[in-house]
Amino acid sequence: MPQLPAPGYPAEVRARLEADAKEVIARYPGSRSALLPLLHLVQSEEGYVSRTGMAFCAELLDLTTAEVNAVATFYTMYRRRPSGDYQVGVCTNTLCAVMGGDAIFDRLKEHLGVGNDETTEDGKVTLEHIECNAACDFAPVVMVNWEFFDNQTPESATRLVDDLIAGRTVEPTRGAPLCTYKDTARILAGFPDERPGAVEATGGAGPASLIGLKLARGEAPHARVVGPRGEVPRDEPHKGAEHLSSHDAPQQTSASDPDHPAGPAAEEGE
């Protein structure tokens, strides 16, 4: 059956959101380009993108609700139903999965008594599996409101959600201190994080992510390169990162091996 039109926001809520929305829209030469941050803005109000929020975005950007709905349902960072104060995402993509991500996800489902994309009865935690957290060098990874918790185990992840539910302070492995999902959505809408020290605490990539850059700059010992199977390695191992896969060792080719030159190209048909 067709749905009734979405109810509007209460007057005071609409006035506040409209002021914020106009500030966002003014950043773009074309108003429809503001749709993504506006969806985060309405998500910061209700904790998810409701029909009311989509109607609000459509009205301010002169779009149809169908156009707004198409975007809101495409991106997974937009929630489509009420969620918890803390969005706990467990990476179950290939590397994290084989390093223990699947075990972490199974443990948390059992421990919290919820399934994928479900919220605990107290409204504190929403659990979901994520295809990739873009932090494979720290696998397995759990994210809480998009902040990183690296090198997790089923035990450490269980302690993490218990601390969140109990209201205890938890600190991400790297990144800004945690805030609620609604506060995170407002920051993603483009408004400054005004918590003291939060911006300075954001940090950067960890050592595992930077080793390749350091090698390229000569700031770390070169990795050991193993020769083809059956050959003695060309050099002794160094301290630091090692690369022990013979599959990736440089192989001689006709272009680089003087003993086996390629020779002239044959004529067609020879």
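**Confidence**

The model is predicted. Its mean pLDDT is 83. A pLDDT of 70 or more is reached by 80% of the residues. One is residues 236-257. In the model, this stretch makes 33 contacts beyond near neighbours in sequence. The other is residues 262-270, also with pLDDT below 50. Residues 262-270 have one contact beyond near neighbours in sequence.

**Pockets**

| Pocket | Volume | Lining residues | Lining by class |
|---|---|---|---|
| Largest pocket | about 340 Å³ | 18 residues | eight nonpolar, five polar, five charged residues |
| Second largest pocket | about 290 Å³ | 17 residues | eleven nonpolar, three polar, three charged residues |

Start with the largest pocket. Nearest its centre lie Thr76, Met77, Arg79, Asp117 and Glu128. Strand S3, residues 125-130, gives the most to the lining of this pocket. The strand supplies three residues.

Now turn to the second largest pocket. Asn145, Glu147, Thr184, Ile187 and Leu188 are the closest to its centre. Here the largest share of the lining comes from helix H7, residues 181-188. Helix H7 also contributes three residues.

**Aromatic pairs**

The structure holds three aromatic pairs. Tyr9 and Phe56 form one of them.

Phe74 and Tyr75 form another pair. Their ring centres lie 4.9 Å apart. Their planes stand at 85 degrees, over the 60 degrees that the class requires, so the pair counts as edge-to-face. Phe74 is exposed, because its relative accessible area of 61% is over 50%. Tyr75 is partly exposed, at 39%.

Which residues do ring pairs link into a cluster? They are Phe74, Tyr75 and Tyr78.

Conventions. Residues numbered from 1 in each chain as written. Predicted model: local features only at pLDDT ≥ 70, side-chain atom pairs only at ≥ 80, totals over all residues. Heavy atoms only, no water. pLDDT = per-residue confidence, 0-100. Contact = heavy atoms within 4.5 Å. 1 Å grid on protein atoms, 1.4 Å probe; cavity = no way out; pocket = protein on both sides within 12 Å on 5 of 7 lines; lining within 4 Å. Points joined across faces, edges and corners; volume = space filled by probe spheres on them. Helix = DSSP H or I, 4+ residues; strand = E, 2+ residues; numbered from the N terminus. Nonpolar A, V, L, I, M, F, W, Y, C, P; charged D, E, K, R; others polar. Phe/Tyr/Trp six-rings, centres within 6.5 Å; stacked < 30°, edge-to-face > 60°. Buried < 20%, exposed > 50% of the residue type's maximum accessible area, 1.4 Å probe, protein only.
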